[in-house]
Amino acid sequence: MKMKNINRLLVIFVFAALFVSCNEDYLDRPPLDKISSEAVAQSEGYAEAYLWEIYAFMPNGFCRTSGHNMGGYGGTSMIDQSTGIAVSKSGWIETQNVITPGKMSPTNNPYNNWKQLYQSIYKANNLIEILDAGVEFDADVAARIKAEARFVRAFQYFDLARRWGDVPLITETQSAENIEDVLVARTPVADVYAFIDTEYAAIAEILPSAKDLPDSELGRATKEACWAFNGRAQLFAKNYARAAEMSKKVMQSGAYQLADDYEALFSDHGGNKEVIWELLFNGAEKGNGIDMVGLPFTYRADWGAQINPTQEFIDEYEMKDGSKFDWDNPEHAAAPYENRDSRFSATILHHGSPFKGRDLDVLCKWDADLGKYVGVGGDAPLRTGLHTISGYYVRKFMDPTAPFGINFGEGKQSWKEMRLAEVLLNYAEAQNEIAGPDASVYDAINQVRVRAGQPELPSGLSKEEMVEKIRHEKLIELALEGHRFWDIRRWGIAKDLLHEKYWTGMMVYENEDGTFGYHKYPMDFRPKQIFLDKHYLFPIPQGEMEKNPNLAQNPGY
């Protein structure tokens, strides 16, 4: 049996019904909520059901999901909303009242997923050991299932390493009867990344190529996914040669192509030719809430409008000719939303953006009595506490087929955890670190730029200049996909970018002659962003410290 769309919600009893003989007495069947090791070893269906449980801990960057063990981070916000590129209208959102003001602590961290990561690692170790002990079904099928469990385990250790640095590296199931087996000290992060490298390399030799994967198996790991995730992990480890090598293998595989339509890529429901690994949703048993929290006020008045891009982020988008946007340029300032990088309109909703059958209206006007600009358009900033606080909304991820009143758990867009564009930029970054901006670096980054309609980079850039170009491209291409949060930390620039900062919003108003004016304002009614040296790593959760005295806390906490 081929496991269909492994990331869709399938309850265990469905598998049980498929693999238990029809004439077997019901009372003799294994409990459907607890599959025994013997049952897993005897049945391909039970083994795959257990594997699905492990896959259900893979990452999900959407806000509020249902039917998945690893939910989005920060409640109804996205992790990049604490990087200066977006904020939330709601002060109660965890990103705004904990992460942004620098209040993360061992007892208060909305981005803490330590428990879920180790739960999935335990399950993966358990399944691996069951299969190693011998099975009564096809050995090749068992080998693939085992490799996929290792695939998830390797990713979870990457997620642990990028969050906490040194972490306990546990590759066997632990027994509560042996206290020393449970109280594991932290393994140096370099050793964790070395383990990830070894695992992905071995797994890639076992798993099928994406070119041979039928549509019914979307969401299952492939050899190219192993190379891509390893390329990313080794970039974090600053093992640049290995990162470039792994990324290049994906690029040369021919298994993926850049999508023709950048905007449509993020609202589709799975199977795009650019996506290397994605988490699938069906909007029923398993769904996301990105539309519910992202739609503008007049499209979803109660829960919407939570993702508000900042003016600082807007200004990062180049002009179509590749030049920088400049408010001191009269032509740019007169029409700041025109002639920009195509990814701007695919990511941001601004005044006049066509969206779901009408143009977005965030118009403001000067109120002489109040002595300030006030919102008059239906989606204008600060018009009520339910409107955007920056003057912008997000288009990226919004499903054009979703109803205005879509609810939590009804979203069907897949979460694209790994796609070819990231691999190309990862290769460019790693290869530039090794050899400087050679032809292959230019080719990789220019593929991403040309897809967006942007001109190729000028020749003759220095290594340092190329670093800045790659970082800019990652900011724009991967915006709000969760990469910015980690990138600025591994680059060591988060403190310079974020500490003691207020972000800026925009009010658009109409002049008497029918032209538009633009008034920037500081969003100083929200806490100032604070980033200290200790924030480059997360604090070990206090509960884990109390359970395991061999865990040492990260500095500063």
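Residues are numbered from 1 along each chain as its sequence is written, and side-chain values use heavy atoms, with hydrogens and water left out. Because the model is predicted, local features need pLDDT of at least 70 and side-chain atom pairs count only at pLDDT 80 or more, while totals for chains, interfaces and linings use all residues.

The sheet comes first. Helices (H or I, at least four residues) and strands (E, at least two) are DSSP runs, numbered from the N terminus, and two strands pair if DSSP finds at least two bridges between them. In general, strands of a sheet pair through backbone hydrogen bonds, in either a parallel or an antiparallel way. Here, four strands make up an open sheet with the order 10-9-13-14 and mixed pairing. Strand 10 (372-375) and strand 14 (516-522) sit at the edges with a single partner strand each, so one side of each has no neighbour in the sheet. From one strand to the next, the twist averages 50 degrees (angles run from 0 to 180 degrees between N-to-C directions, and axes are lines fitted to C-alpha atoms, for helices over the stretch in contact).

At one end of this order, strand 9 (residues 363-367) pairs with strand 10 in the antiparallel sense, over four bridges. Asp 367 is found opposite Lys 372 of strand 10. At the other end, strand 13 (residues 504-510) and strand 14 are also antiparallel, with seven bridges. Tyr 509 has Gly 517 of strand 14 as its bridge partner. Strands 13 and 14 form a hairpin with five residues between them, and Gly 514 in the turn has a positive phi of about 90 degrees.

Next come two helices. The axes of helix 3 (residues 44-55) and helix 5 (residues 114-132) come within 9 Å and cross at roughly 155 degrees. That angle makes the two helices roughly antiparallel (under 35 degrees counts as roughly parallel, over 145 as roughly antiparallel, 65 to 115 as roughly perpendicular and the rest as oblique). On the helix 3 side, the contact (heavy atoms within 4.5 Å) is made by Ala 47, Tyr 50, Leu 51 and Ile 54. Helix 5 contributes residues including Ser 120, Lys 123, Ala 124 and Leu 127.

For accessibility, buried means under 20% relative accessible area, exposed over 50%, and partly exposed in between (1.4 Å probe, protein chains only). Phe 397, in the loop between strand 11 (393-394) and strand 12 (415-419), has a phi near 85 degrees, a positive value in a residue other than glycine. Phe 397 is buried, at 4% relative accessibility. Leu 480 also has a positive phi, near 65 degrees, and lies in the loop between helix 18 (463-477) and helix 19 (483-490). With 2% relative accessibility, Leu 480 counts as buried.

As for cysteines, Cys 226 is buried at 0% relative accessibility, and Cys 364 is buried at 2%. The disulfide count is zero, where a disulfide is a pair of cysteine sulfur atoms within 2.5 Å. Finally, Ile 179 belongs to helix 7 (residues 179-182) and is partly exposed, with a relative accessible area of 48%. The C-alpha atoms of Ile 179 and Asn 548 are 9.9 Å apart, although 369 residues separate the two along the chain.
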